[in-house]
Amino acid sequence: MKLFNKLFGAMDSFSETRLRKSARNIGRRHFLAKTGVLLVGTGVMPLLPFNRGMSNAYAAEKATTDDTDCSYWRYCALDGNLCSSSGGTVTTCPAGSEASKVSWVGTCLNPHDNKNYLVSYNDCCGKATVSNSVNCFTSQGERPGYRMGLHNDINWCMANTNKGYYCTVATLVGIANE
Ligand code: ABN
């Protein structure tokens, strides 16, 4: 007990000496100015224009019919390389690769009939990615990684025997309920 009292006493006097020394050197005005900046800065932080909409800025704005372009409507919630630019098509995996057993499902608006469709994004697995493939990150409706089940930055080949990611296809699975 005595040892603790001694130790705490030493710590107290050390902090007191340091505080007195810095109070002498820094001065009240300097301290108030710094504290003011800190308080104002903290108050302004929430007003700054953070991107709270995740990747909405990347969402398709023009209706293209080019299925090797990220703005093609079926790719609205895609995160990966397009199979249509990697030797496959929008819905078929390139030769030598196989579709993932699990997938990510997004809801995309078809600008041609103005209806929402459920689109399954399956990864094609079992080949090394090609460097000149078109990489898209539209991911509409995606949420950060801590929202399990709503995150798409995932290798969907994980349930396949061959887990190497190659590219992603976008297959229509139905019309979304309004
Ligand atoms: N679903 C495409 C993908 C593959 C590997 C890592 C991240 C995203």
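This is a predicted model: local features need pLDDT of at least 70, side-chain atom pairs count only at pLDDT 80 or more; totals for chains, interfaces and linings use all residues.
**Overall layout**

I began with the secondary structure. The protein has two helices and five strands. I then followed the elements from the N terminus, and they run α-α-β-β-β-β-β. Next I looked up burial. Of the 178 residues in the protein, 25% are buried. I also checked how far apart in sequence the contacting residues lie. Among contacts with a separation of 6 or more, 74% join residues 24 or more positions apart.

**The sheet**

Which strands form the open sheet, and in what order? I found three of them, in the order E2-E3-E5, with antiparallel pairing. Strand E2 (98–110) and E5 stand at the edges. Each has a single partner strand, so one side of each is left without a neighbour in the sheet. I noted the twist as well: from one strand to the next it averages 25 degrees.

I went on to the pairing of E2 with strand E3, residues 115–125. The two run antiparallel and are joined over ten bridges. I looked up two of the partners. Thr107 has Leu118 in E3 as its bridge partner. Gly106 is bridged to Val119, also in E3.

I turned to the backbone angles. Most residues other than glycine have a negative phi. I logged two residues that go the other way.

Asn114 lies in the loop between E2 and E3. The hairpin of these strands has four residues between them. The phi of Asn114 is positive, near 60 degrees, and the residue is not a glycine.

Ser139 is in the loop between strand E4 (135–137) and E5. Its phi is positive too, about 45 degrees, and Ser139 is not a glycine either.

Is Asn114 buried or exposed? I counted 7 other C-beta atoms within 10 Å, so Asn114 is exposed; the cut-off for exposed is 12 or fewer. For Ser139 the count inside 10 Å is 24 C-beta neighbours, so Ser139 counts as buried. The cut-off there is 20 or more.

**Around the ligand**

Last, I listed what surrounds the ligand. The shell holds Asp79, Gly80, Asp123, Asp153, Ile154, Asn155, Trp156, Tyr165 and Thr168.

Which strands each supply at least two residues of the shell? I found strand E1 (79–81) and strand E5 (165–175).

Note on methods: Residues are numbered from 1 along each chain as its sequence is written. A residue is near a molecule or strand if its C-beta atom, placed from the backbone, lies within 6 Å of it. Two strands pair if DSSP finds at least two bridges between them. Axes are lines fitted to C-alpha atoms, for helices over the stretch in contact, and angles run from 0 to 180 degrees between N-to-C directions. Two residues are in contact if their C-beta atoms, placed from the backbone, lie within 7 Å.
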